[in-house]
Amino acid sequence: MQPMLLTDVEHAEPKGPAADPIKELRAAGLPVPQIMHLFAFKPDRTAFLSQFTQGVMRGPSPLSPGLRELIAAFTSRRNDCLF
């Protein structure tokens with residue numbers, strides 16, 4: 001994964017709900033998805049986006065959560081974005 005263009009965000013001490021997953025990924029030597037850095041940089045500003053995403057991916061829908069995940073993964077791949 002390429003480094004972020006926002007190095008201050010990428011290297012900031014993670015906070016909020018994304019902090020522990022980021023620390024676990026780093027400890028395992030795995031790449032951290034860039035969106036997680038943004039969520040951990042200012043968690044008070046991203047709480048609504050997180051709730052929205054969970055509602056879209058897990059809320060009531062004629063599509064199963066698994067199919068929604070598959071659509072998101074396909075879209076990310078088409079955009080050359082790791083999912």
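Is glutamate 13 buried or exposed? At 55% relative accessibility, glutamate 13 counts as exposed (exposed is over 50% relative accessible area, buried under 20%, partly exposed in between, with a 1.4 Å probe and protein chains only).

The views below come from a predicted model, where local features need pLDDT of at least 70, side-chain atom pairs count only at pLDDT 80 or more, and totals for chains, interfaces and linings use all residues. Residues are numbered from 1 along each chain as its sequence is written, and side-chain values use heavy atoms, leaving out hydrogens and water.

**View A. Glutamate 13 pairs up with lysine 23.** Their closest N and O atoms sit 3.5 Å apart, which makes a salt bridge (a Lys or Arg side-chain nitrogen within 4 Å of an Asp or Glu carboxyl oxygen). Glutamate 13 is in the loop between helix H1 (7-11) and helix H2 (19-27), and lysine 23 is in helix H2, so the pair ties together parts ten residues apart in sequence. Helices here are DSSP runs (H or I, at least four residues), numbered from the N terminus. Lysine 23 is partly exposed, at 40%.

**View B. Glutamate 69 meets arginine 58 in a salt bridge.** The N to O distance is 2.8 Å. This one links helix H5 (residues 65-78) to helix H4 (residues 43-58). Both ends are partly exposed: glutamate 69 at 25% and arginine 58 at 45%.

**View C. Six residues make up the largest nonpolar core.** Ala18, Ile22, Val32, Met36, Phe39 and Ala40 are the members (buried Ala, Val, Leu, Ile, Met, Phe, Trp, Tyr and Cys residues joined through side-chain atoms within 4.5 Å).

Methods
Helices (H or I, at least four residues) and strands (E, at least two) are DSSP runs, numbered from the N terminus.
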